Amino acid sequence: MARRIVVTAPRPAPFFTPVFVAVDRFLPEEGLEGEVQYGVQNGRERALKGEVDFIATGVGRGARLEPSGMKLIAQHETRATTHTLMVRPQIESAHQIMGLVMMTGIGQESDDTALDRELKNILLPHGIQLAQSDIGLFRVDGGHPAQYQALQEGIGDGACLGAPYWVFLLKEGYHNLGCEADSAPGYGCGGVLASEEKIAQNPGEVQAFVRAYVKAIRFCRDNPEETMKLMVKYSADWGVEDESVAREMYRMLSPYWDEHIDPSVIQRLLERTSELTGQPVEPIESVLDTRFLDEALRTLPPK
């Protein structure tokens, strides 16, 4: 009988398509049965307790990374996020948002949520310090669909949205003020984390998952039509409702799908975190474990 595992993802966004394809098509080949759970609160704490097995996430969002008992074991996307700051059509430059209201999501109790840092990082190249500005923040629960709907209802002046919602706004005449991946290039990736305890206690299961994940990433690159069908299957509730939207998302995301981890990216994140916190640079081994990926790449024949 296949061993059941739980994989968490923040949302059914097309950004996580290779993870969905791994669960849908390739985990059974490795003797695993996967369940995807979305929007799981306290994902790290649940993983550390053994309640979930793997966490799919953007690693290094906000251009920082701190040891947390979790380790990056594989990646599928060379960027940590596709979130893009979109503002209403009448706003033509970043400096025109002074005094206006940008929407962010409900996050940690602290105002310094990942979404706030994202907005801050996008504004920095425009010469705007978010903390010193009079830009208001309006928190919207429900994620990007709720932010998109609020904008449709006339609430707020802009928001950092993931695909496909920022693409929908672009077609409505909204202006694109930048993606964090543009303002902090080379920082972070989209990948999967496992707890140190999981790695130590179930290395065979971790290896099986990583093998399925690598197969899925390669499948996604080589089989666009099948991948787009699976994208609609898993991301319909996140705006990818038909093949035309899936095709647009595939064209946008697939150039960044890559199973190879660049340790220098992780090292830069650790150094950046040290600069921000004033603490010594953490060893890369505290956040990265590529043994399972290295083995999968060695044993799976390249396409």
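This is a predicted model: local features need pLDDT of at least 70, side-chain atom pairs count only at pLDDT 80 or more; totals for chains, interfaces and linings use all residues.
**Entry 1: the sheet**

Residues are numbered from 1 along each chain as its sequence is written, and side-chain values use heavy atoms, with hydrogens and water left out.

I recorded an open sheet of five strands in the order 2-1-3-10-4, with mixed pairing. Strands (E, at least two residues) and helices (H or I, at least four) are DSSP runs numbered from the N terminus, and two strands pair if DSSP finds at least two bridges between them. Strand 2 (32-38) and strand 4 stand at the edges with a single partner strand each, so one side of each has no neighbour in the sheet. I noted an average twist of 30° from one strand to the next; angles run from 0 to 180 degrees between N-to-C directions, and axes are lines fitted to C-alpha atoms, for helices over the stretch in contact.

**Entry 2: the partners of strand 10**

I followed strand 10 (residues 189-195), which is antiparallel to strand 4 and joined to it by six bridges. Met 70 stands opposite Ser 195 in strand 10. Five bridges join strand 10 to strand 3 (residues 54-59), also running antiparallel, and Val 59 is placed opposite Cys 189.

I then checked the burial of strand 4 (residues 70-77): eight of its eight residues are buried, so the strand is largely enclosed by the rest of the structure. Buried means under 20% relative accessible area, exposed over 50%, and partly exposed in between (1.4 Å probe, protein chains only).

**Entry 3: helix 8 and helix 12**

I examined helix 8 (residues 203-222), whose axis comes within 9 Å of that of helix 12 (residues 291-299) and crosses it at roughly 55°. That makes helix 8 oblique to helix 12; angles under 35 degrees count as roughly parallel, over 145 as roughly antiparallel, 65 to 115 as roughly perpendicular and the rest as oblique.

I listed the residues in contact (heavy atoms within 4.5 Å). In helix 8 they include Pro 203, Val 206 and Arg 218, and in helix 12 Phe 292, Leu 293 and Thr 299 are among them. The residues of this contact divide into eight nonpolar, two polar and four charged; Ala, Val, Leu, Ile, Met, Phe, Trp, Tyr, Cys and Pro count as nonpolar, Asp, Glu, Lys and Arg as charged, and the others, Gly among them, as polar.

**Entry 4: Leu 124**

I located Leu 124 in the loop between helix 3 (114-123) and strand 7 (136-140). At 33% relative accessibility, Leu 124 counts as partly exposed.
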